[in-house]
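Trainee: I have just opened this entry and would like to be walked through it. Could we start with what counts as a contact, and then look at the structure piece by piece?

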Amino acid sequence: MTPATEQHSRVFIALTESCPVPRLWQAALEQLRESPAELTALFVVDERWYRAAELPGTLEISRLSAAPFAFTRERAEAICREAAARTRRDIERMAAEARLRLRFEVLREATPALLADLLAGEQGLVIASSQFRLQPAYTLFEGLRCRVLLVDDDER
Amino acid sequence: MVLRPEPSAEGMDMAQNSFEVRVEDLRRTCDLSAMNFERSDELGELRQHLGQERAIDAIRFGLQIASEGYNIFVLGPPGSHRHGLAEEIAAELAVGRPADPDWVYVNNFAAPKEPRAMAFPAGQGKAFQDDMRALIEDLRFAIPAAFESDDYRSQLKAIESGTEQAASELTKELESEAEKEQIGIMQTPTGYVLAPIKNGKVLDEKDFRKLPDEEKERIQEAIRRIGQRMQEQFEQVPRLHKRHREQVRELDRTVISHAVSLLLADLKNKYSALDEVVGYLDEVAADIIDNARSFLQSEQAAGPFAAMGQARSFAQYEVNLIRGTAADGSAPVVYEPNPSYHNILGKIEYRVEMGALVTDFRMLRGGALHRANGGFLILDVRRVLGRPFAWEALKQALLTNEIRIESPEETYGLASTSTLQPEPIPLNIKVLLIGERLLFYLLSIYDPEFSELFKVAADLEDDVKRDADNVAALALVAADRIRQRGLLPFARPALERVIEEMSRTAQDGERLSTHMQSLDDQLDEAQHWARQRKSDLVEREDVDKAIVQGIRRLDRAQTRLLEAIERDLVLIDTEGARVGQVNGLAIVDFGKLRFGHPVRITATTRLGSGEVVDVEREVELGGAIHSKGMLILSSALSARYATDSPLSLRASVVFEQSYGGVEGDSASVAEFCALLSSLSGLPVRQNLAVTGSVNQHGRVQVIGGVNEKIEGYFEVCRKRGLDGTHGVIVPLENVGHLMLRQEVAEAVARGEFHVYGVRYIDEAVSLLTGVEAGERGDDGEFPEGSVNRRVEEQLLAYAEQRKKFAKQEEPNDAGN
C-alpha cells in the first residue's frame, strides 16, 4: 500500500465490479482516522461492456441454458447497473456500521468532469485497488489535484 | 266438617294393645359381646366384601373367561366400594397372567405418515428405546468422523480434482482457441460475452469499423463458432457435475456403510430373535447410508428455518415406547380417572413450526388401552359417557380388538388436514365398567352393542341379612377399615352403635347396609369427635354425636317445616278427632337430606255418580304411582260396599297445603281412612298418623321410609308435648324395617309414643276411629254401629237418592 503523507479534505474510494471492497473500506477508515475528510464512493463503470455492446455480432452465452443472445447496450447497462447497486449496498452497509456519512457516485469515462466537480478544486485522496491502475478509467484521475492510494488486492 | 264425640277410651285401648309394636322391634340393638373384645384393635384381620359373593364370582368369571365380549359391568351405587372390589380382584387375577408385549412406534421409512408398530417381549421395549438412543449418539459422532477421516478426504479430493481437471480442460481449450482468433471471453453475472479484442482490450466501434470487411466477417464467424463451442461445453458441465455427485455419493456410501455396519452389528445380534426388529434395523442402516451427508447439514442447521428444510435428523431413528411393562410376571391393572377420548385411545400430538402444526411418530401418545393391554382396565361408565366420543371409541376398540390412534376429528370426518395414520396395535384386554344400575339398564336397552361387549354384570348387594354371622363380619370389616385408615380404635359399644347405624342406612332393622362409604364416614366422623374430647378411644357417645351432628348439618329444611307446623302455618292437628281428616305421612328425599313429616289429608263426600276425585291428579301435582294408588282405593271402595247398587257418591281427596308434587302410594291407607271417616261420619283421632298403601282387597302393604316418617310425626308431637296418646300406624310388614332413633324407641318404652302395625285397612280405621270396622256376617251385613256398616248405609242412601233423582228426571226426558 502506498502511504499517504498529506492531509486531504476529500477522500474517494474507487470501486469496480471486482475490487476488494472491504480492504478498500479499511484503508479509507485508516485514512479518516488520521484526518477527517468528506468521503465519496466512486463506482467506476467497466467500459468494456459498452464497447462490446456497440460491436456487431457480439454474443452472450447463458450459463444456465447455454443459449446465445445478442449482447445489446441495454444488456450492458443492466450489467453495470446491477454491479453498481450491489457494490453500493456493500459499501453503504459498512458506512452504516462505522456510522460514517458516505456519498455514492457512478463514474464513466464519458463523464470525466464529474470527478473535477467532486474535487471542487481541492486536494483529494483516491483509494483504489492496485489492479485499478491497469484499467482505462485510471487515466481519469491523472492531471487532477488528487493523490491515488493503491491497495494491494492480491489476497482476493 | 262435623265434629263428633271421641271414641270410647276402653275400646281404643283394646285395639291399640293388639296392634302395638314391641319396643324391642322398634330398634334392634347390636350386641358384639360374643366376639370377646373390648377394642376394635383386638379384632383380627378379615378383609372381605360383606355380602358381595355374587358380584365377586361374576367379576372373577368375567376376568378369567377367555371368550370375547366378556367384559364386566360392576353395578352399584357410588360409595359401595365398587372400585376397591374391582381393583382388588383384578390385581389378584393379574398375578401370574402371561405378560403382554411392549409396543413401540418407529418411523416407517417407506411411508412416514404411517408409523409402524413393533412388539417386544415384556420389558424389552424400553431396552430397545435406550439402545436406539445410544446408537443415535454414536451416529452423531461416527458420521462426521467418517467424513473427516484422512482416507475420506483424500478420496474426495481425488474426485474433486478429477472433476476440476475435466472442467478446466474444456475451458482451456476454448480460451486458447478464442485467443488465437483474438476474441475475448468476459464473464457476466449470468454467462459469458464474446467480443473482439486487440492488445487485451475490447475493440471500440471506431476501430472495428476501420477493419477490412474480410476481417469483420472473420471476427463474427469466430464469435459464432466459439459461441457454439461454448454452448457444447455448457451442456457437458452438468454431466460433469452429475458424475461428480455420483462419485461423491458412492464414496459416502462406502465410508458410511462401513461405520454404520459396525455400529449396528451388536444391535442386530442382540435382537436376532426378533425378525421384525432385525428387518427394521436393516432399514435404518439403508436410510442412514442413503442420506448420510444430509445429517451433517441437519446437525449444523439452526434457527427457525432449520426445521423447514429438507435436512434429515437422527430423531427419525428414535423409538417411541408407547407401552412398556416391567417384566414382573403380572398383567397391568389400570384405572383411568378421566376417560376422555384421548386418555383412552391415545393421541397424536402436534408442535408448531413456523405457524404450521407438524407431527411425526415420536408425538404419538398411548392411552389407557395401551397401558392396560394384556390386563384389566377399570373405567367409570358415567365419566366415559360424559366425555365426547369416548364411549364410541371404547366400543370400537373392543369390537375390532385393536387400538387405532387417530384424532376424533378424523374419525368423524371433520378434519381434512394431513395427519398420521399409525399402524393399529392388537388389543387384548378386559374392561371393567363401574356404574349405577340405571346406566346398566339404559345401556342394555338403548345400545345394541353394549350387551355384545359387556356380557358380565356384577351386581353389588346394597345390604345383607342381619344375622349373627354378618354382624360379626361387619364388625371385622369395620375394625379392618379402622386399622387401614389409621383411625383411633373403637370401643366395643361404639362399634355396636356403628353396626346399628348400618341397619338404619339399609332402611331395614333386619338387614345391614354394605355401603362402605357410609361406614367410612361414620368411622371418620366418630373419631373426629373422640379426638375433640382428647380421647384415644372412640366411644359410643362419639358415634352418637357423629350421627346427631350429621343430621343437624342437614336438618335446616326439616326444622323450618317443624316451625311452620308449630306456628300453625302448616295445619296439623295432634289432638282431638275430626271427620274426614287424617294425618298422613310424607317423606322428603334429596339424597342425604331425607326426613318425614305429617301431612293433612282430607276427604269430602256427597251424592254423585261414583267418582273419587284425586285433587292432586286433577291439578297435575300427583305422580303416576300416586294416581294409581287413588284408582286402587276407588276400586276397593266400590268392591267392598253396596256392591248391588251403583256407587253413587262424589268424593274428593286432598293433600292439604301441598304445593309441590305428590308421588307414591304410601298415603293410600290414610286417604282411604279419610274417605271412610267422611262416609261414616266417624271422627278420626288426630293424635295418630298413618302410612301405608292399600290394595283392592283392603290389604295394607309395605312402604318406604318408615323410620323417617315415624320420626317426623314424633318430632311434631314432641314439640307439642307427648301425652301418651300419640302414635303412628304403619304396615305390619314394615315392622321388620324399623330402626328408629334411640329417643323414639325410649319414648315408646316410656309409653309416651306408640307405633302400631296393621295388616288390613279395617285395622287401621278401627285404630283411627276407635270403632270396630266390622266384618260382614252370614247375613251379608256388617255389624250394627261398625265403621263399615255406617259407610255402606251412607252409600246405599246415596244410591237411593240418586234413584229418586233419576225417576224425577224421567218424565222430562220422555217429554223431550
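Mentor: Two residues are in contact if their C-beta atoms, placed from the backbone, lie within 7 Å. Please keep in mind that this is a predicted model.

Trainee: How many residues does the contact take from chain A and from chain B?

Mentor: Chain A gives 19 residues to the contact, and chain B gives 22 residues.

Trainee: Which elements give two or more residues to the side of chain A that touches chain B?

Mentor: They are α2 (48-54), β3 (59-62) and α3 (73-97) of chain A. The residues on that side of chain A divide into 10 nonpolar, 3 polar and 6 charged.

Trainee: What does β3(A) pair with in chain B?

Mentor: β3(A) pairs with strand β5 (residues 191-198) of chain B in the antiparallel sense, over 4 bridges. In that pairing, A:S62 has B:G191 of β5(B) as its bridge partner.

Trainee: Let us stay with chain A. What is the order of the strands in its open sheet?

Mentor: The open sheet has 5 strands in the order β5-β2-β1-β6-β7 (chain A), and the pairing is parallel. At the edges stand β5 (103-107) and β7 (146-151) of chain A; each has a single partner strand, so one side of each is left without a neighbour in the sheet. On average, neighbouring strands of this sheet are turned by 25 degrees against each other, direction ignored.

Trainee: How many bridges join β2 to β5 in chain A?

Mentor: Strand β2 (residues 38-44) of chain A is joined to β5(A) by 5 bridges, and the two run parallel. Within β5(A), A:E105 is the bridge partner of A:L42.

Trainee: Which strands does helix α1 of chain A lie across?

Mentor: Helix α1 (residues 21-34) of chain A lies across β1 (10-15), β2, β6 (124-129) and β7 of chain A, and runs at about 170 degrees to β1(A). Another helix to look at is α3(A), which lies across β1, β2 and β5 of chain A and runs at about 155 degrees to β2(A).

Trainee: Now chain B, please. At what angle do α6 and α8 of chain B pack?

Mentor: Helix α6 (residues 150-180) and helix α8 (residues 213-270) of chain B pack at about 175 degrees, and their axes are 10 Å apart. The two helices are therefore roughly antiparallel to each other, as angles over 145 degrees count as roughly antiparallel.

Trainee: Which residues meet there?

Mentor: Among them are B:Y152, B:L156 and B:I159 in α6(B), and B:I226, B:M230 and B:V255 in α8(B). The residues of this contact divide into 15 nonpolar, 6 polar and 2 charged.

Trainee: And how far apart are the axes of α19 and α21 of chain B?

Mentor: The axes of helix α19 (residues 492-505) and helix α21 (residues 540-554) of chain B are 7 Å apart, and the helices pack at an angle of about 30 degrees. That makes α19(B) roughly parallel to α21(B). The contact includes B:P493 and B:R497 in α19(B), and B:D542 and B:I547 in α21(B). Its residues divide into 5 nonpolar, no polar and 5 charged.

Trainee: Where does B:K534 lie?

Mentor: B:K534 lies in the loop between α20 (516-532) and α21 of chain B. Its phi is near 60 degrees, a positive value in a residue other than glycine. Most residues other than glycine have a negative phi.

Trainee: Is B:K534 buried or exposed?

Mentor: B:K534 is exposed, because 6 other C-beta atoms lie within 10 Å and a residue with 12 or fewer counts as exposed. In chain A, A:A66 also has a positive phi, of about 65 degrees, although it is not a glycine. A:A66 lies in the loop between β3 and β4 (68-70) of chain A, and A:A66 is partly exposed, with 18 other C-beta atoms within 10 Å.

Trainee: One last topic: how many residues of β29 in chain B are buried?

Mentor: Strand β29 (residues 727-731) of chain B is mostly covered, with 5 of its 5 residues buried. β29(B) runs parallel to strand β26 (residues 688-690) of chain B, joined by 3 bridges. β29(B) also pairs in the parallel sense with strand β30 (residues 754-758) of chain B, over 5 bridges, and there B:I729 stands opposite B:Y756. From β29(B) the chain crosses through helix α27 (residues 742-749) of chain B to β30(B), and this β-α-β crossover is right-handed.

Definitions and conventions: Residues are numbered from 1 along each chain as its sequence is written. Chains are lettered from A and ligands numbered from 1 in the order in which they are written. This is a predicted model: local features need pLDDT of at least 70, side-chain atom pairs count only at pLDDT 80 or more; totals for chains, interfaces and linings use all residues. Axes are lines fitted to C-alpha atoms, for helices over the stretch in contact, and angles run from 0 to 180 degrees between N-to-C directions. Angles under 35 degrees count as roughly parallel, over 145 as roughly antiparallel, 65 to 115 as roughly perpendicular and the rest as oblique. Ala, Val, Leu, Ile, Met, Phe, Trp, Tyr, Cys and Pro count as nonpolar, Asp, Glu, Lys and Arg as charged, and the others, Gly among them, as polar. Two strands pair if DSSP finds at least two bridges between them. A residue is buried if 20 or more other C-beta atoms lie within 10 Å of its own, exposed if 12 or fewer, and partly exposed in between; C-beta atoms are placed from the backbone. A crossover is right-handed if, with the strands pointing away from the viewer, the path from the first strand over the helix to the second runs clockwise.
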